[in-house]
Amino acid sequence: MKKSDPHRRSGTAAARLRQTTQYISERISVRPAIAVILGSGLGDFAESFIHADAIPTKEIPHYPRSTVFGHQGRIIAGMIGRISVLAFQGRVHYYESGSLETVLYPIRVAHALGIRTLIATNAAGGVNTRFAPGDLMLIEDQINLTFETPLASPGGGRGGPSCYDAALIGTIVRSAKAAGIPLKRGVYLGLKGPSYETAAEIRMARQIGADAVGMSTVNEATLAASLGMRVAGFSCITNLATGMLPEKLSHAEVTDVANMVKQRFADLLGATIAAIGPH
Ligand code: HPA
């Protein structure tokens, strides 16, 4: 790489973050209040933004690259009604880079841009036997089995029993009900992946209290809460987890179901953002 290449890793982490956020700030015309991370197959939501500015993440200095099919890799800033939103289309998973800092970078960027509310979304396998593919689940709490943590010292969270904001959960439940959007609630279990779980692992997941299982979100949510952000999370249940059905699970199935529910999911995100308001 040439010396002038903006992607070259140089300077301190703080300097790199400043370069990233400056690059983004100069290319968006709104001051975003809410960040939304759009998971596997769920990126279309950002197409409904008004006055949208889109930046391919591969052009952003120091920004991690995603390699997973179905992750488009763009940052889109725009308005949903009166509310300014920054959407991260696609994310980089831990298994892609093996670096937790890479996974956490979008959170650091959102925080550095002054955003104090985060809505994280993901595709997940249903562990709860009452769930069906296509269900949308509000994450009430999480179990982090990635064996990683973004925290450098104990605690550091907002002090609540969960990193998901209780008041925000109440607001979302009420607004989904008012909009007539069925919403499940439950505990998300985050694993490292990238292999899907075994049937025995899913039985364990159920026994330890998980309702859905996936390969993202838990470390991002922990970091965001520790930085003082209000965090909400949604899982799109794209399949029943391993062992719950006779067929083998495929990534195509995950993106197909995510595609099928994307309108309902977009309605849910729209209702959530409207209920949160411009604050
Ligand atoms: N397991 C892990 N991650 C997932 C799944 C699953 O069954 N479905 C979508 N993401």
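## Starting inside: serine 235

Let's start with a pair of side chains: serine 235 and asparagine 122 are joined by a polar contact of 2.8 Å. Keep in mind that this is a predicted model. Serine 235 sits in strand S9. Is serine 235 buried or exposed? With a relative accessible area of 0%, serine 235 is buried, because buried means under 20%.

Who else does serine 235 touch? If you skip its neighbours within four places in sequence, serine 235 is in contact with Asn122, Ala124, Asp135, Leu136, Met137, Ile139 and Tyr188.

How many residues of S5 are buried? The count is 10 of its 10 residues, so-called mostly covered.

S5 pairs with several other strands. S5 and S9 run parallel and are joined by 10 bridges; in this pairing, alanine 123 stands opposite cysteine 236 of S9. Strand S1, residues 34–38, also runs parallel to S5, with four bridges between them. There, isoleucine 34 has threonine 117 in S5 as its bridge partner.

## Around the ligand

A polar side-chain atom of asparagine 239 is 2.7 Å from a ligand nitrogen. For glutamate 197, an N or O atom in the side chain is 2.8 Å from a nitrogen atom of the ligand. With alanine 123 it is the backbone that matters: a polar backbone atom there lies 3.3 Å from a ligand nitrogen. On its own, the ligand would expose 260 Å², and the protein buries 95% of that.

## Helix H6, wrapped up

Next comes helix H6, residues 218–226. Why call H6 largely enclosed by the rest of the structure? Because eight of its nine residues are buried. Those buried residues are Val218, Asn219, Glu220, Ala221, Thr222, Leu223, Ala224 and Ala225.

What covers them? The cover includes S1, helix H3 (100–112), S5, strand S6 (136–144), strand S7 (184–190) and S9. Just after H6, you'll find glycine 228 with a positive phi of about 90°.

## Strand S4, covered on both faces

Strand S4 covers residues 83–89, and seven of the seven are buried, so S4 is largely enclosed by the rest of the structure. Here's a handy bit of background: in a regular strand the side chains alternate between the two faces of the sheet. In S4, one side has Ile83, Val85, Ala87 and Gln89, the other has Ser84, Leu86 and Phe88, and all of them are buried, so both faces are covered.

S1 and S4 run parallel, joined by five bridges, and isoleucine 37 stands opposite phenylalanine 88 of S4. Strand S3, residues 74–80, runs antiparallel to S4, with seven bridges between the two. In that pairing, glycine 78 stands opposite valine 85. S3 and S4 form a hairpin with two residues between the strands, where glycine 81 takes a positive phi near 60°.

## A partly exposed histidine

Let's finish with histidine 111, which has its place in helix H3. Why does histidine 111 count as partly exposed? Because its relative accessibility is 21%, and buried means under 20%, exposed over 50%.

Leaving out neighbours within four places in sequence, histidine 111 is in contact with Arg116, Leu227 and Met229.

Technical notes. Residues are numbered from 1 along each chain as its sequence is written. This is a predicted model: local features need pLDDT of at least 70, side-chain atom pairs count only at pLDDT 80 or more; totals for chains, interfaces and linings use all residues. Side-chain values use heavy atoms; hydrogens and water are left out. A polar contact is a pair of N or O atoms within 3.5 Å; within protein, one must be able to donate a hydrogen and the other to accept it, and residues adjacent in sequence count only if both atoms are side-chain atoms. Accessible areas come from the Shrake-Rupley method with a 1.4 Å probe; for residues, only the protein chains shown count as cover. Buried means under 20% relative accessible area, exposed over 50%, partly exposed in between (1.4 Å probe, protein chains only). Contact means heavy atoms within 4.5 Å. Two strands pair if DSSP finds at least two bridges between them.
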